Amino acid sequence: MKTVHFPTSKEELKSLKAGEIVYLSGRIITGRDQAHKRLTETLKAGKKLPVELKGQAIYYVGPTPCKKGEIIGACGPTTSRRMDAFTPSLLKQGLTAMIGKGNRSEEVRIAIKKEKAVYFSTLGGAAAYLKKRVLAAKIIAYKDLGPEAVYELEIKEFPAIVWIDSRGKSL
Amino acid sequence: MITEKQIAETVKKLCIKANTILRPDVKKALCKACAFEKNKNARFILGALVENYKIAEKESTPICQDTGITVVFAEIGQQAKIKGDIGKSINNGVAAGYEEGFLRKSVVNDPLSRKNTNTNTPAVIYYDFVPGKKVKLTILPKGFGSENKSKLYMLNPTASMEEVKKSVINAIKEAGPDACPPYMLGVGIGGDAGKATFLAKKALTYKIGFWGESANYKTLAKELYKRGNRLNIGPLGARGKTTLLGVNILSFPTHIAGLPVAVNISCHVLRSASATL
């Protein structure tokens with residue numbers, strides 16, 4: 001199975017085709033509902049974002065609390081659709097990939113095609129399985145949001161379906 | 001005499017158990033699907049889901065990071081002797097379970113102002129009075145990826161059987177790949193709007209393979225199961241034969257002017273645990 005290493009360039013994501021299963025590895029950031037809301041509000045206000053989005057992959061997740069000695073709690077993807085309204089403006093900032101679960105809106109599909117990004121759907125509900133594939137985790141923004149804070153993660157071989165490829169083809 | 005402490009302790013243990021050890025019937029259904037599925041991607045995903053529940057059980061880690069809003073079915077015997085406040089005890093048990101079990105606290109204090117209560121309480125508690133002197137507590141942690149796909153159809157009393165079936169199938173189609181299929185469907189038919197949605201939720205606490213209480217409803221549930229699995233949504237939307245793990249229907253008498261049909265969808269991480277005091 002093909003492995004995509006993050007961060008990666010849009011050029012390298014070109015070869016991926018909707019429907020294929022790949023492994024995702026490397027460094028990514030996380031963000032879900034409240035983080036998306038804050039990031040877009042910051043952009044609207046013309047202020048600087050607390051995280052760099054250019055060249056990044058964002059994973060929609062809110063992990064369970066971490067036990068002592070663990071890297072992260074259980075950490076499967078949340079439903080991507082709830083992020084749809086915020087996604088086009090983040091893609092404009094140079095975001096290259098999104099990782100979540102399920103379908104996206106038509107607006108998001110068009111924005112992905114325009115920006116030549118890729119949307120992956122990873123294993124929804126397989127939170128214990130994915131937890132074992134996180135090598136490092138640290139909070140980099142919005143700590144006050146608890147499970148919705150923005151983390152930087154180092155992941156190894158997250159299985160994922162290429163759901164919307166850079167040509168805008170959706171599964 | 002049943003004490004507050006006993007209730008809280010029981011609820012605490014049930015919260016942790018339900019979130020870390022998958023129900024035997026759900027494990028069986030996933031393994032069966034894995035053996036039956038022909039689609040390569042679907043098989044790969046089902047294999048990972050089986051590995052997931054094994055890791056969760058072995059390491060006492062939540063099966064899914066969305067450890068849900070805690071739904072509690074409290075069936076209280078008419079002759080049960082309870083000392084203290086049962087609602088308070090259940091909520092104390094939930095708070096303790098989510099803290100000690102490292103479960104995610106996902107409940108906000110108000111649907112509009114949205115501040116996390118940091119305890120996963122209050123739980124959604126459904127009280128029911130039953131004959132006897134015992135108290136049965138069933139915990140159903142319900143994730144919101146699937147809860148958001150709940151549907152209520154207030155059909156006409158003259159609706160055909162096909163319209164009833166189409167409503168349920170429509171709910172599955174609308175959920176599509178978003179709510180972590182393969183799904184378990186809880187269907188509530190009859191009563192009023194509230195009763196139908198309650199029954200749909202409660203049907204999820206019955207074992208996969210229960211189908212319904214009478215021959216008619218069993219036949220209907222099996223027909224819905226077959227049709228649902230022909231939708232080609234598949235595990236996590238990867239296509240294939242496995243869109244549903246099962247269908248359970250509960251029914252109740254209703255009004256001459258209506259036919260409520262409620263659908264409560266559960267993701268493949270269908271969690272519940274019970275204990276009797």
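This is a predicted model: local features need pLDDT of at least 70, side-chain atom pairs count only at pLDDT 80 or more; totals for chains, interfaces and linings use all residues.
Modeller: Residues are numbered from 1 along each chain as its sequence is written, and chains are lettered from A in the order in which they are written. Local features need pLDDT of at least 70, side-chain atom pairs count only at pLDDT 80 or more, and totals for chains, interfaces and linings use all residues, while side-chain values use heavy atoms, without hydrogens and water.

Biologist: How do you know that the span of helix α4 of chain B agrees with its 15 residues?

Modeller: A helix is a DSSP run of H or I with at least four residues, and its expected span is 1.5 Å times one less than its number of residues. Helix α4(B), residues 86–100, should therefore span 21 Å, and its end C-alpha atoms are 21 Å apart, which agrees.

Biologist: Which residues of α4(B) are called buried?

Modeller: Buried means under 20% relative accessible area, with a 1.4 Å probe and protein chains only; I86(B), G87(B), S89(B), I90(B), N91(B), G93(B), V94(B), G97(B) and Y98(B) are buried.

Biologist: What makes R81(A) and D178(B) a salt bridge?

Modeller: The term requires a side-chain nitrogen of Lys or Arg within 4 Å of a carboxyl oxygen of Asp or Glu. The side chains of R81(A) and D178(B) meet at 2.8 Å, N to O, and the count between chain A and chain B is two salt bridges.

Biologist: How many residues does each chain bring to the contact?

Modeller: With contact defined as heavy atoms within 4.5 Å, chain A gives 38 residues and chain B gives 34 residues.

Conventions: Helices (H or I, at least four residues) and strands (E, at least two) are DSSP runs, numbered from the N terminus. Buried means under 20% relative accessible area, exposed over 50%, partly exposed in between (1.4 Å probe, protein chains only).
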